[in-house]
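Trainee: I have a model open and would like to learn how to read it. Could you take me through some of its features?

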Amino acid sequence: MVKSTGTSNLTRSNRNWIRGYSIAALVMFITYQYLLPWEGLPLGIYDGINKWMPPAALNESLVYVIMALGLNIIVGYAGLLDLGYVAFWAIGGYCAGWFMSEFFYFLNINFFGSVPAESPGIHINFWLVLLIGGLVCAFFGALIGAPTLRLKSDYLALVTLGFGEIIPQVFFNGEDFFGFNISNGTKGIVRVDPIPAGVKNLGPFDFGWKLLLFIFLAAVMVFISLRLRRGRLGRAWLAVREDELAASMMGVPLMRTKLAAYAIGAFSGGLGGVAFATHVDGVYAERFNFAISIFLVAMVVLGGMGNVWGVILGAFVLSWVNGNGLAAFGSVYNETFGTSIDFTSFTFLLFGLVLILMMLFKREGFVPESRMKLLMHESELDEEESVEKKKKVGR
Amino acid sequence: MAKNISVAFGGLLAVNDVSFDIPKKSIVSLIGPNGAGKTTFFNVLTGLYKPSRGNILFGDQDITDLPPHKIAEIGIARTFQNIRLFGLMTAQENLLVAMHSHLKSGVFATIFRTKRQRKEESEAVDKAQAILDFAGVGRWTNEYARNLSYGDQRRLEVARALALEPKVLLLDEPTAGMNTQESQVFIDFINKLVAERDIAVMLIEHDMKVVMSVSQRVTVLDQGEKIAEGSPDQIRSNPRVIEAYLGKPKVARK
């Protein structure tokens, strides 16, 4: 009896989100693909959309959503703090740079690529590169994880911090990597192949269709997250997050469980990297900086650790504020009040402030996971109680 | 099963040359004053500490150097002196975690929810429910472990250990904080457990009433050394045990 209701609830909730998600995706897609270029659209709305949420900014937000969902598996599910997630983004990006551009001009490999067969370089089909990028990242995740996951949380965070610095630096200075040019250094790898999508190839300006693609990738990550969460591995992650020692005593292999979280999280970083490379039509080393790692952690924490919907919201809001929202707000403010304040220079001040306020008043994030909410409020209570007790003792 | 175990922390010898054997389908107890090394001994058996000397055998298998999760998989389950449930997981999830090593579904099976995975999950859920019912916490299936009463948390912890399908169950002060009536219920539960399942139970216990009524054999540790072993009656009248618990009679009083 208990079992049957349990399973049916489970499938139903899964189907529910797919319907809602699809509708949202369709609305966004139609708005940007058909409504925006439509000549009958009132100029006010056209300007409004382009000012507050231009297609490029929306797509970039979605790339962040994909990555934040991956980081959520590491930070939110398994409770491992990773401050170097940008490394996976970079590796994914360079996978796209290597395998679908003319970067290796001295080679001529074309595997279902979207460019003519005679063009130099490696041109592997985009969909395959997605998979390759993800798997390479998962491999690196496991590689970095294997020696470091034995560390306790704070030390692990420090090591990931180092990793997140090393990888981008290697690419940044990669023009001469033991005699090989692996990244074109600061020049970056410019022009990656368009995305083959049936009837047409999607270049850098096909925002609408790529929007749909990114939404789909994010949906894949949501799907993976939700499914894994309900299964054997998800329970093990939760148990490790709750009480590592008890989990190992109950037969949960700690290393393997944590490594799985790391690898699957990294996989998503690889997807994000490849997606981003097609979004900006190139791979630029200076984009992969340390601030991105912190930014991603902030998205997960603000949105609501462990809850995919919270994380999506967090990623959306933060990347929007960072990319476009603040600038748009600034220009409106300046026009209205005749001032000339550079709002974008306050970005990090604002983020710092928001983080502090959130930690003070809504620690569990915008859309918390139910368990997290309990945990956060409990600790609050405990503090108050202990303060009360201290007061009493003091008297 | 355990042979000549010694555990040293730096210069401190916490357990010194203790040998111990848990026969099949038996209930044995480990008692001793505070700091005698009882819990340390448990921690060695479950792989949390590696003994400085000595071996642990499970049947014919040497499990001394296995990591904790392997030992759990082989069939030694435990509860903790201070309850260590996964507080923010439901009672059912707590048990399902303990079944981890018995479940086979991998990442891909879980993502694609294969037929086998669904079957395995629903069987695991049924089994968890059966164990919860057996342990008397069946009505708390979907309640977070932390919300249960103290006694129910103790019972749930035993249920979680049972979900591992252990051959040996180590209980660290299971009746701590229980009143006489609750202890009696617990004694009945342990007896039922051993009667119905192929399992051996080892208790650490301070409540002598519990120890004396359930144990077939009692071992006494004091300052890391085994000072006595025998049936409850033998232990009751053993002068060294009385000495360890009550102190040495002063010569003057003779």
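**Helices, sheets and a chain contact**

Mentor: Start with a pair of helices in chain A. Helix 4 (residues 86–99) of chain A packs against helix 10 (residues 254–280) of chain A at an angle of about 50 degrees, and their axes are 7 Å apart. Keep in mind that this is a predicted model.

Trainee: What does that angle make helix 4 of chain A and helix 10 of chain A to each other?

Mentor: Angles from 65 to 115 degrees count as roughly perpendicular, and those under 35 as roughly parallel. The two helices, helix 4 and helix 10 of chain A, are therefore oblique to each other. Helix 4 of chain A passes helix 10 of chain A in a right-handed crossing.

Trainee: Which residues in helix 4 of chain A meet helix 10 of chain A?

Mentor: Among them are A:Phe88, A:Trp89, A:Gly92, A:Gly93 and A:Ala96. On the side of helix 10 of chain A, the residues include A:Gly269, A:Gly270, A:Leu271, A:Val274 and A:Phe276. By class, the contact of helix 4 of chain A with helix 10 of chain A has eleven nonpolar, eight polar and no charged residues.

Trainee: At what angle do helix 5 and helix 10 of chain A pack?

Mentor: Helix 5 (residues 126–148) of chain A packs against helix 10 of chain A at about 140 degrees, with axes 7 Å apart. Only angles over 145 count as roughly antiparallel. That makes helix 5 of chain A oblique to helix 10 of chain A. Their crossing is right-handed. The contact of helix 5 of chain A with helix 10 of chain A divides into 17 nonpolar, nine polar and one charged residue.

Trainee: Now sheets. How are the strands held together?

Mentor: Strands of a sheet pair through backbone hydrogen bonds, either parallel or antiparallel. In chain A, three strands form an open sheet in the order 1-3-2, with mixed pairing. Strand 1 (100–101) and strand 2 (108–111) of chain A each have a single partner strand, so they stand at the edges with one side lacking a neighbour in the sheet.

Trainee: In which sense do strand 2 and strand 3 of chain A pair?

Mentor: Strand 2 of chain A and strand 3 (residues 121–124) of chain A pair in the parallel sense, over four bridges. Find A:Asn110: it stands opposite A:His123 in strand 3 of chain A.

Trainee: What is the order of the six strands in the open sheet of chain B?

Mentor: The order is 6-7-8-3-9-10 in chain B, and the pairing is mixed. Strand 6 (76–78) and strand 10 (225–230) of chain B are at the edges, so each has one side without a neighbour in the sheet. Neighbouring strands of this sheet are turned by 20 degrees against each other on average, direction ignored. Strand 6 of chain B pairs with strand 7 (residues 168–172) of chain B in the parallel sense, over three bridges. There, B:Arg78 has B:Leu170 as its bridge partner in strand 7 of chain B.

Trainee: How many residues of chain A are in contact with chain B?

Mentor: 28 residues of chain A are in contact with 30 residues of chain B. On the chain A side, the largest share, seven residues, comes from helix 8 of chain A. That side of chain A divides into 16 nonpolar, five polar and seven charged residues.

Trainee: What is the mean pLDDT of chain A?

Mentor: The mean is 84, and 91% of the residues of chain A reach 70 or more. Over residues 1–12 of chain A, the pLDDT is below 50. Residues 389–395 of chain A stay under 50 too, with zero contacts beyond four places in sequence.

Notes. Residues numbered from 1 in each chain as written. Chains lettered and ligands numbered in written order. Predicted model: local features only at pLDDT ≥ 70, side-chain atom pairs only at ≥ 80, totals over all residues. Axes fitted to C-alpha atoms, helices over the stretch in contact; angles between N-to-C directions. Left-handed = near helix turned anticlockwise from the far one by under 90°. Contact = placed C-beta atoms within 7 Å. Nonpolar A, V, L, I, M, F, W, Y, C, P; charged D, E, K, R; others polar. Pairing = 2+ DSSP bridges. pLDDT = per-residue confidence, 0-100.
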